[in-house]
Amino acid sequence: MNKIVKRILATSLAIVMVGGAFAGCSAKTNDNTTTAANAEAKTYTVGIAQLVQHEALDAATAGFKRALTEKLGDKVKFVEKDAAGDIPTCATITNGFVADGVDLILANPTPVLQAASQSTADIPIVATAVTDFATALDIPADKWTGATGINVTGTSDLAPLSEQAAMFKELTPNAKKIGIVYCSAEANSVYQAEVIKEELKKLGFEAKEFTASETNDIAAVVQTACDDSDALYIPTDNTMAQATGTIEPIVTKANIPVIAGEEGICKGCGFATLSISYDSIGYNAGLMAYEILEEGKNPAEMDIKIPTKEDVIFKFVPERAKALGITIPDNYEEIK
């Protein structure tokens, strides 16, 4: 092979090698660009399971969605399911979310949390409107640290029960017997009833529980409670929240004052409450979900957020207070 041919072949080979090197660099750059684009385009699907539609729970869900949307924009998609008050349906919904592989589950409130925690030990669960997480998840009091230790975190709706009990002393000083009306199928209500019963006893009241196991029992239970009580307390109870239309005419006819655990129930059938903002606790739950999805936080290690004094406010229904002849202190706000 002569020198000219050898020189041509060598030059051609060099061009091919250099071209290949540039092609390799180009491919690598494209891979990096694609990876960055994929990271930027990461989207999340959040399954929202709500026990029933009523004012408090609706506000909590709305707050949750607003927080995540503010943080993630169109990077988050919500799939919303409503159990229509049927507790077994909660498990059907949460099992469906697990089968669909959602990135996170919002459980609203306690019965949905209980269902979701049975459905998955892997998908992060953020719960809201849960009165006591330890009770809901069967965590012994001596094992409770403030975080669940499992794939669950969230926000509590527990208002200061001792202060709610003190409201009876301030607003109904002539009352002797306080009836506590709630649904016995709701763990959150059982917990509140136990705590406030002891608080009422400390203040010198006779406190008695009146429980309904289902919606059909409520009218009879409320009537019995009115017959045997000077005033009633209804905690943050989802079943009772649905049934304020049933409760209101009974307590009104009996002229029995009702102090409620939250604003929605108070608006429906009570005259006063020390209530939290459900929109606020839902919003805080949304911020926690963001930390899990985008910052990689572990829900097992995230402390449950408890309402502070700044999160609660005394409120009253003017027309009912007037009809009962009860003078409301100046630090109460009207429920309109």
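In the predicted model, Ala129 counts as buried, its relative accessibility being 3%. This alanine is found in strand E4, which spans residues 125-130, and its phi is near 60°, a positive value in a residue other than glycine. Among the residues that touch Ala129 is Thr110, whose place is in helix H4. Thr110 likewise counts as buried, at 2% relative accessibility, and, when residues up to four places away in sequence are left out of the count, Thr110 touches Val130, Thr131, Ala136 and Asn188 as well as Ala129.

The peptide bond that joins Asn108 and Pro109 is cis, with omega about 0°.

The chain in which these features are set has 13 helices and twelve strands. Of its 336 residues, 47% are buried. When contacts between residues at least 6 apart in sequence are considered, 71% of them join residues that are at least 24 apart.

Two of the helices, H8 (residues 218-227) and H10 (residues 244-254), have axes that come within 10 Å of each other and cross at roughly 20°. Because angles under 35 degrees count as roughly parallel, H8 is described as roughly parallel to H10. The crossing of these two helices is right-handed. On the side of H8 the contact is made by Ile218, Ala219, Val222, Gln223 and Cys226, and on the side of H10 by Thr246, Ile247, Ile250, Val251 and Ala254. Eight of the residues in this contact of H8 with H10 are nonpolar and two are polar, while none is charged.

Asn255 lies in the loop that leads from H10 to strand E9 (258-260). Although Asn255 is not a glycine, its phi is positive, at about 60°. With a relative accessible area of 46%, Asn255 is partly exposed, whereas Ala129, which also has a positive phi near 60°, counts as buried at 3% relative accessibility.

A search of the whole structure for aromatic pairs finds four of them. In one, the rings of Phe64 and Phe78 have centres 6.5 Å apart and planes at 65° to each other, so that the pair is edge-to-face. Phe64 belongs to helix H2 (residues 55-72) and Phe78 to strand E2 (residues 76-82), and the pair therefore ties together parts that lie 14 residues apart in sequence. Phe64 itself counts as buried, with a relative accessibility of 0%.

A further aromatic pair, formed by Phe314 and Tyr332, is tilted, with 5.0 Å from centre to centre and 40° between the planes. This pair links distant parts of the chain, 18 residues apart: Phe314 is in strand E11 (residues 312-316), and Tyr332 is in the loop between helix H13 (318-324) and strand E12 (333-334). Both Phe314 and Tyr332 are buried. Elsewhere in the chain, Phe168, Phe205 and Tyr233 form one aromatic cluster.

With a relative accessible area of 6%, Tyr332 is buried, and, not counting residues up to four places away in sequence, Tyr332 touches Met167, Glu170, Leu171, Ala272, Thr273, Phe314, Lys315 and Phe316. One of these residues, Thr273, is 59 residues away from Tyr332 along the chain, and the C-alpha atoms of the two are separated by 9.0 Å.

Gly325 lies in the loop between H13 and E12, the loop in which Tyr332 is also found. In contrast to the buried Tyr332, Gly325 is exposed, with a relative accessible area of 63%. Between the C-alpha atoms of Gly325 and Pro257 the separation is 9.9 Å, and these two residues are 68 residues apart along the chain.

Note on methods: Residues numbered from 1 in each chain as written. Predicted model: local features only at pLDDT ≥ 70, side-chain atom pairs only at ≥ 80, totals over all residues. Heavy atoms only, no water. Axes fitted to C-alpha atoms, helices over the stretch in contact; angles between N-to-C directions. Helix = DSSP H or I, 4+ residues; strand = E, 2+ residues; numbered from the N terminus. Parallel < 35°, antiparallel > 145°, perpendicular 65-115°, else oblique. Left-handed = near helix turned anticlockwise from the far one by under 90°. Contact = heavy atoms within 4.5 Å. Nonpolar A, V, L, I, M, F, W, Y, C, P; charged D, E, K, R; others polar. Phe/Tyr/Trp six-rings, centres within 6.5 Å; stacked < 30°, edge-to-face > 60°. Buried < 20%, exposed > 50% of the residue type's maximum accessible area, 1.4 Å probe, protein only.
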